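Dear colleague,

I am handing over the structure that we spoke about, and I would ask you to keep it open while you read the notes below.

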Amino acid sequence: MDENRYLTIIKPRSGWFDLNLRELVRYKDLIFLFVKRNFVSMYKQTILGPAWAVIQPLLTTVVFSLVFGSIAGLAADGVPSFIFYLTANVIWAYFSSCLTTTSNTFIANSSILGKVYFPRLVMPISTVLSKLIDFAIQYAFMVIFVIYFWLTDSGVHPNWFILMTPVLLLQLAMLSLGVGVIISAATTKYRDLRMLVSFGVQLWMYGTPVAYDMFSIAGFAPGGKYYGIIMCNPVTPIVNMFRYAYLGIGSIDWFYYGISWIVTLVVLFLGIVLFSRVEKTFMDTV
């Protein structure tokens with residue numbers, strides 16, 4: 001039996017960017033255990049269980065359809081407002097849930113951190129993976145309606161950009177992980193940030209074309225005064241591409257989608273750097 005297989009050497013963090021991918025791979029079983037724990041604990045002692053993963057975006061979609069679609073008239077023309085808001089809510093719900101949960105993961109698991117060693121990035125990574133289960137349920141629910149409106153000739157035209165869905169999910173996971181780790185590392189010293197996360201996520205949503213069609217608003221449409229500003233939001237090109245893939249509406253701006261990827265990679269890099277810096281005194285401040 002190879003004894004080195006069960007040997008773990010714990011060394012102090014010495015660099016700004018200290019990410020040991022090999023160590024994370026070794027702890028893959030722990031990651032999956034956290035994934036199972038996160039999913040089970042979320043719906044434990046609930047009557048409807050995982051059905052809430054469908055009920056929440058459904059209720060949000062109905063409210064958006066009534067308020068922003070019927071009353072405010074901000075939905076896209078040519079497609080039912082219900083499916084217009086459902087597609088955006090499904091993709092946004094994954095990003096927002098990953099961000100809010102990841103930003104609180106170290107404080108919520110502080111009792112575990114002081115008892116046993118494991119790579120601390122295991123927890124936010126497991127959060128991002130566990131939220132994929134909720135997304136899979138919501139995605140299946142969304143696809144049913146997309147197929148229905150497509151077969152009933154309601155203006156919905158899915159296309160081959162559907163194949164980009166895994167790439168869009170990967171980008172959202174990386175972006176939410178980066179932002180969440182930055183906030184989580186900062187909240188070890190400044191707990192006030194926890195109070196601002198939910199408010200900040202709401203503001204971010206309204207800066208993203210989730211509740212409205214940016215192409216029907218003069219200032220947000222291509223060539224508009226605020227088009228460049230709203231497209232610099234890294235989530236905006238993702239939502240636009242997701243809607244274009246499943247509904248066939250809007251357009252894809254590859255230039256700003258490239259900027260979105262650059263922002264995502266930079267945020268993830270900064271998150272890991274900040275976390276590596278804070279981890280040295282993590283247990284003294286958590």
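Contact here means that heavy atoms lie within 4.5 Å, and a residue is called buried when its relative accessible area is under 20%. Please bear in mind that this is a predicted model.

I began with helix α11, which covers residues 236-247. It has 12 residues and reaches 16 Å from its first C-alpha to its last, close to the 16 Å expected at 1.5 Å a residue. Of the 12 residues of α11, 11 are buried, so the helix is largely enclosed by the rest of the structure. Among these buried residues are I238, M241, F242, R243 and Y246, and the buried residues of α11 pack against α4 (81-102), α7 (122-151), α8 (165-187), α10 (227-231) and α12 (254-278). Just after α11, G248 takes a positive phi of about 75°.

Two of the residues named above, F242 and Y246, belong to one aromatic cluster together with Y94, F135 and Y139, while R243 lies over the face of F84, at 3.7 Å from the ring centre.

The count of aromatic pairs comes to 20. The rings of Y212 and F220 have centres 5.8 Å apart and planes at 35°, so this pair is tilted. F220 also forms a pair with Y226, and that pair is edge-to-face, with 6.3 Å centre to centre and 75° between the planes. Y212 counts as buried because its relative accessibility is 8%, whereas F220, at 23%, counts as partly exposed, and Y226, at 40%, counts as partly exposed.

With best wishes

Terms used: Residues are numbered from 1 along each chain as its sequence is written. This is a predicted model: local features need pLDDT of at least 70, side-chain atom pairs count only at pLDDT 80 or more; totals for chains, interfaces and linings use all residues. Side-chain values use heavy atoms; hydrogens and water are left out. Helices (H or I, at least four residues) and strands (E, at least two) are DSSP runs, numbered from the N terminus. The expected span of a helix is 1.5 Å times one less than its number of residues. Buried means under 20% relative accessible area, exposed over 50%, partly exposed in between (1.4 Å probe, protein chains only). Rings of Phe, Tyr and Trp (its six-membered ring) pair if their centres lie within 6.5 Å; planes under 30 degrees apart count as stacked, over 60 as edge-to-face and the rest as tilted. A charge sits over a ring if NZ of Lys or CZ of Arg is within 6 Å of the ring centre and within 35 degrees of the ring normal.
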